[in-house]
Amino acid sequence: MATKEKILIVEDEKDLVKLIRYNLEKEKFRVTSARDAETGLKMARQSKPDLILLDIMLPKMDGLEFLRTIRPEIDTPIILLSAKRSEMDRILGLKLGADDYMVKPFSIGELQARITGHLRRHAGAATNGEAKKTVAIGDINIDFERHEILVAGKPARLAPKEFAILKLLIEANGKVLSRDQLLQMIWGHEKDMEIDTRTVDQHIARLRRKLRSERERITTVPNFGYQIRMK
Ligand code: CA
């Protein structure tokens, strides 16, 4: 079997790192690890892992702070690992952009299943984008591969979920997507969260703002959803 994806573990419990590493390496994943968030951030930026396992309780900077820092920079799937059963941490973690959450002690088999699921979903999303690497709509130029957007020649800094919404609207090629569809496609795995269609509206509002002169391209279909004017 060929070597598979690169996984970064940010976790200070040595024995747990050892256990996860052993099991993932057995499955041919390439595993790196950091024992604190600062080192983890450096590694996440430099070695560009395909997935990150992130402990919440870390010395000095905690996992949530790590998440807040890294999320605007990368769209790598992140699975939180935590001994804390606190619902608040779970909600905050997912709101800050984590893709999933495992409460310790968890089964390694379950962890592997989640890892495989997130990697597959993420790769699928990337492949769809590759079909068309760049798109120009009016004054908007999008490079899906490099995650770059220019509006009237100037960069627009979209958060990963704003970018994902824009991508889905473009892939729908002018068809209307309902708020529920967008919710399902972007936040599907978080459906037990305090996330509802108003979250979609808030993201659309931010996306429009960032599209500046092209904001009116995204039109609202009252009581239903959104579409993008392609021409
Ligand atoms: Ca810890």
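Helices (H or I, at least four residues) and strands (E, at least two) are taken as DSSP runs and numbered from the N terminus. The structure is a predicted model, in which local features need pLDDT of at least 70 and side-chain atom pairs count only at pLDDT 80 or more, whereas totals for chains, interfaces and linings use all residues. Residues are numbered from 1 along each chain as its sequence is written, and side-chain values use heavy atoms, with hydrogens and water left out.

Ser-178 is placed in strand β10, which belongs to an open sheet of 3 strands with the order β10-β12-β11 and antiparallel pairing, two strands being paired if DSSP finds at least two bridges between them. The edge strands, each of which pairs on one side only, are β10 (177-178) and β11 (218-221). Between β10 and strand β12 (residues 225-228) the antiparallel pairing extends over 2 bridges, and Ser-178 stands opposite Gly-225 of β12. Helix α8 (residues 197-210) packs on this sheet and touches β11 and β12, its direction making about 150° with that of β11; axes are lines fitted to C-alpha atoms, for helices over the stretch in contact, and angles run from 0 to 180 degrees between N-to-C directions.

With a relative accessible area of 11%, Ser-178 is buried, a term meaning under 20% relative accessible area, against over 50% for exposed and in between for partly exposed (1.4 Å probe, protein chains only). Residues up to four places away in sequence not being counted, Ser-178 touches Phe-224 and Gly-225, where contact means heavy atoms within 4.5 Å.

Asn-23, which lies in helix α1 (residues 14-26), likewise counts as buried, at 13% relative accessibility. Apart from neighbours within four places in sequence, Asn-23 is in contact with Ile-108 and Gln-112.
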